[in-house]
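Please read the sequence alongside the model shown here, and follow the chain through a helix, a group of strands and the parts that call for caution.

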Amino acid sequence: MQQDTPLTAGQQLTANESPDAETVIIDTGCANLSSVRFAFERLGAKVLVTDDKAKIKAAKRVVLPGVGTAGAAMASLHEKGLVELIQGLTQPVLGVCLGMQMLAAISKERGGKGQDCECLGIIPTDICELDTQLLKAEGLPLPHMGWNQIRVSQNASNHPLFTGIEDGSYVYFVHSYRAPLSEFTLAECSYGEGFSAAIGKGNFMGVQFHPEKSAAVGAQILRNFLQMDELQMNELQMSQVQRSNPADGQAGVNKADQ
């Protein structure tokens, strides 16, 4: 469970109506939208908090925030009719905390229900609880809460989200569930076990930590996101294809040149 205190959706929308905003924060109905919005505004960005489908689709970049449980967050997205819309976005999309977890295929955070939570299925990884046995062995409490260091994955050394971020940088975490280390890991962290501090695939990326609470490092990550656009995401996706399968990547380049 992601621990935070959300404000009401009406407060967010009234406080921030920016008709010329290029960055949209999705009003998931279960997130502390104010803190994320203020973090972007401190960087001079014009942002809009909304669940309007047309505005989300037209945005230059999109932020998917979230606090609470995966089940409640996904239920809210289904109720608002936003699941297929989010899955089809082609501009840069950043999931924050629970928003990152919602990009995965499955979350083991059942929230009292008898089955796993089906998430957006955009990044093929599953979300599981941090290993309580390993935490107990090291005398570490759950949730993982506070400052911890991250290391940018070798596979993501050129990812624009982490431009200017040094290995060993400290960011702020509050979570009990995590994505495992995988080919989609952009940055990793250790708390009893290694886990993904950030994941990404194509134009979708997510951070488990709270950049809006992570001082200068978090501000740099958000600043990097604000500099992204759809063209850059297309180039990034092509480079990822080339790294995973050089032959397919070259075929894609040749096809694009025809």
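Helices are DSSP runs of H or I of at least four residues, and they are numbered from the N terminus. In this predicted model, Gly44, which lies just after helix α2, takes a positive phi of about 85 degrees.

The helix itself, α2, spans residues 33-42, and because seven of its 10 residues are buried, it is largely enclosed by the rest of the structure. Those buried residues are Leu33, Ser34, Ser35, Val36, Arg37, Ala39 and Phe40, where buried stands for a relative accessible area under 20%.

Strand β4, made up of residues 93-96, is covered on both faces, with Val93 and Gly95 buried on one side and Leu94 and Val96 buried on the other. In a regular strand the side chains alternate between the two faces of the sheet. Strand β3, residues 61-64, pairs with β4 in the parallel sense over three bridges, and here Val62 stands opposite Val93.

As for confidence, the mean pLDDT of the chain is 88, and 86% of its residues reach 70 or more. Over residues 2-16, however, pLDDT stays under 50, although the model has 38 contacts for this stretch beyond four places in sequence. Residues 251-256 also have a pLDDT below 50, and the model gives them three contacts beyond near neighbours in sequence. Where pLDDT is low, the predicted coordinates should not be read in detail.

How values were computed
Residues are numbered from 1 along each chain as its sequence is written. This is a predicted model: local features need pLDDT of at least 70, side-chain atom pairs count only at pLDDT 80 or more; totals for chains, interfaces and linings use all residues. Side-chain values use heavy atoms; hydrogens and water are left out. Buried means under 20% relative accessible area, exposed over 50%, partly exposed in between (1.4 Å probe, protein chains only). Helices (H or I, at least four residues) and strands (E, at least two) are DSSP runs, numbered from the N terminus. Two strands pair if DSSP finds at least two bridges between them. pLDDT is the predictor's confidence in each residue, from 0 to 100. Contact means heavy atoms within 4.5 Å.
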